[in-house]
Amino acid sequence: MHLRDEAKESNNIELLIALMDGSVDHEVARRVLRKFDGDVEKAASAMIEGDRGEDTQSSLWTSHSQMEINQPRPLPAPAVRPNSPINIDLTGDDDNNDELSRALKASLETASQEGPMFGPSERPPDANWAMVPSNNNVAADDLDRAIQASFEQADTGDEYQPLPLDQQWRKEGWPVTLRPTKHTMVYAALVLHALFYVPQIRERVANWRPALPEGATEAEPPKNGPELLMWKLVETFTNMDLAKLVDLDAHEVLEGFKPEPWSNPAQPPGELSQRFFEKVAGALDKVFAYEFIRTGQAKQRIMQFQYGNSNFDDEPGELLQDASIVRVEALGRSDTNDLVGRLSAQLSNNKDDIKRQVIFEPSEVIAFHLARSGTVTGERKSFKYPKHIYLDQFLKENIELAESKRAQQRDLHAEIQKLVLHNKSLTHFNDKDTLTDLRSSIYYYENVAEAKGDDERASVTQIMANKLKGILAQVEKEIQVSDINIAKMRDQAGTLLNCPELQRVRYDLRAVLVHDGLYGRKHLYSYVQEKGVWWRIEDTSISQVSEVNVLEDSVGLHLGAGPYLLLYSKTLPEGTELLDLQWPPPIKIDVENHNRVLLEQLQSSEAESHTNQDKENVLTHSQEDQMELMDVLC
């Protein structure tokens with residue numbers, strides 16, 4: 001059985017992550033390092049070539065692809081210190097080097113002089129064998145609470161509870177909730193609810209009309225097909241816009257789309273939401289495409305963008321494909337655990353055997369599924385996503401400019417790699433910390449070595465200490481300069497693609513769907529924006545929140561959950577607002593009638609409540625009068 005030095009492996013993993021500019025996960029670094037038997041340089045070169053320790057799919061834009069991380073191209077062997085003895089002439093006098101030689105030799109041999117130790121191991125447990133991150137009581141407690149809460153939730157049945165009549169009236173300017181009667185459909189209801197708050201989708205749905213049958217003067221509800229699904233969505237959106245009822249039932253519209261049930265607490269709602277979103281996007285784009293043809297309008301891509309290989313024009317037989325949602329791995333501990341960093345890394349693969357894929361025709365709307373399929377050891381970090389994102393660097397027409405910027409990034413990463421390895425050569429030799437050894441030697445000459453009344457010996461000892469301190473100061477200064485240069489180059493590499501030429505196609509965040517890690521209808525919620533105001537909607541609960549809450553929600557972090565679906569759409573022209581949308585008259589009239597009935601019910605209920613209160617008051621006064629009369633008689 002092959003035994004590994006856990007401490008050494010951990011140090012090598014951290015070094016490998018640093019060499020890769022912090023853009024790989026801890027587990028990926030571990031896999032590649034073990035693949036090359038702990039050789040950091042070979043592992044780094046392999047990762048530069050795109051090796052992640054496992055097979056990856058070739059498609060970069062498809063929903064379930066495992067996308068590669070962009071890293072600098074291979075470098076020649078770094079100039080590291082050879083594994084040979086180091087000769088340092090401290091005094092120029094070979095006769096006086098005995099003390100220094102003995103000190104350095106003792107320091108370097110300390111580790112090898114330790115004998116075998118018997119008894120319980122003091123080595124920390126291997127996280128690979130743990131059900132949850134090892135040595136993390138907080139995460140374990142969170143998992144226990146999650147399991148217990150899931151069982152408690154299952155015991156209650158998570159039933160649909162309609163609001164009392166007096167709570168059903170919608171406040172002016174507030175959004176509505178869209179709730180299914182079955183808690184297994186709550187994720188799908190959230191997707192449809194979020195689509196309403198994408199202005200491009202809402203406007204298209206409001207303006208859509210089914211084709212008129214021959215000889216008819218008024219459109220009738222479609223009987224089947226994508227048009228029927230669209231009609232049900234139009235009905236739902238009309239109610240969400242005009243209804244005074246704050247709590248809308250999503251059962252009928254969901255029945256048409258037939259989403260998969262969320263019936264297993266271990267099943268991530270993000271996976272279901274991704275498949276459901278793809279189904280909805282495909283149906284809507286079919287309807288929109290047919291409408292463009294029927295009305296003679298120029299074709300527009302609303303929910304599905306077109307992508308393909310960057311050399312499509314030169315490769316006969318290549319096919320372009322459509323997609324509506326991009327899968328992004330959001331579970332990680334690296335400094336690039338954010339949407340822009342992950343997306344740039346995943347969609348910028350530069351391996352020779354995988355062709356770069358770019359967007360040929362962007363869509364009005366784009367969605368991101370934040371998947372959490374891996375495991376994390378160490379500190380978990382919240383996944384970051386911006387309120388604006390630019391996709392210019394992934395467009396076909398910008399491929400040459402973006403490639404030149406990425407080439408500059410790779411050159412900078414290569415220089416960073418050289419400096420990191422140089423720092424490593426200054427601080428470590430034969431897997432030992434040379435700075436620690438230097439400090440130990442200085443301490444020996446200043447505090448341990450005795451002059452024994454010999455002035456010459458005392459002078460030599462002081463000279464040795466001073467020279468060692470000079471060497472230590474020089475090494476520390478060189479490392480400090482390297483660290484400053486590394487930081488500058490990393491900042492420069494991180495902003496190369498933020499040029500005006502690549503910031504013209506802007507998308508704004510419209511909705512965020514969140515899972516807190518537990519199971520049930522009250523453990524999924526959404527953030528939606530309406531007229532510049534962000535709202536948090538969880539089952540029947542509606543509350544106004546700040547933008548900071550939306551962008552920095554860390555719920556579910558230690559349960560492998562959190563934000564799982566992001567909806568972006570193109571920035572609207574300044575001052576554009578969706579006012580007085582032209583919903584189909586028959587549906588609009590039905591909504592107005594329902595509003596009138598609801599108002600009458602509320603008025604009747606309020607009048608009845610006042611009548612009962614008056615009766616109670618009359619009865620109370622009558623009893624008081626009788627008491628007063630008896631007092632008089634007595």
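Analyst: Contact here means heavy atoms within 4.5 Å. It's a predicted model, where local features need pLDDT of at least 70, side-chain atom pairs count only at pLDDT 80 or more, and totals for chains, interfaces and linings use all residues. Residues are numbered from 1 along each chain as its sequence is written, and side-chain values use heavy atoms, leaving out hydrogens and water.

Let's start with the helix pair. From α13 (residues 434-448), L435, L438, R439, S441, I442, Y445 and E446 touch α14 (residues 455-495); on the α14 side, the partners are T461, M464, A465, L468, K469, I471, L472, V475, E476 and I479. Sorted by type, that's eleven nonpolar, two polar and four charged residues. The axes lie 9 Å apart, at an angle of about 155 degrees (lines fitted to C-alpha atoms over the stretch in contact, with angles from 0 to 180 degrees between N-to-C directions). So α13 and α14 are roughly antiparallel (over 145 degrees), and α13 passes α14 in a left-handed crossing (the near helix is turned anticlockwise from the far one by less than a right angle).

Further along come the strands. β12 (residues 524-530) and β13 (residues 533-538) run antiparallel, joined by five bridges (pairing takes at least two DSSP bridges). One of those bridges links V528 to W535 in β13. Two residues separate the strands of this hairpin, and K531 in the turn has a positive phi of about 55 degrees.

β13 also pairs with β14 (residues 541-545), antiparallel over five bridges, with E538 partnered by S541 in β14. That hairpin has two residues between its strands, and D539 takes a positive phi near 55 degrees.

Methods. Helix = DSSP H or I, 4+ residues; strand = E, 2+ residues; numbered from the N terminus. Parallel < 35°, antiparallel > 145°, perpendicular 65-115°, else oblique. Nonpolar A, V, L, I, M, F, W, Y, C, P; charged D, E, K, R; others polar.
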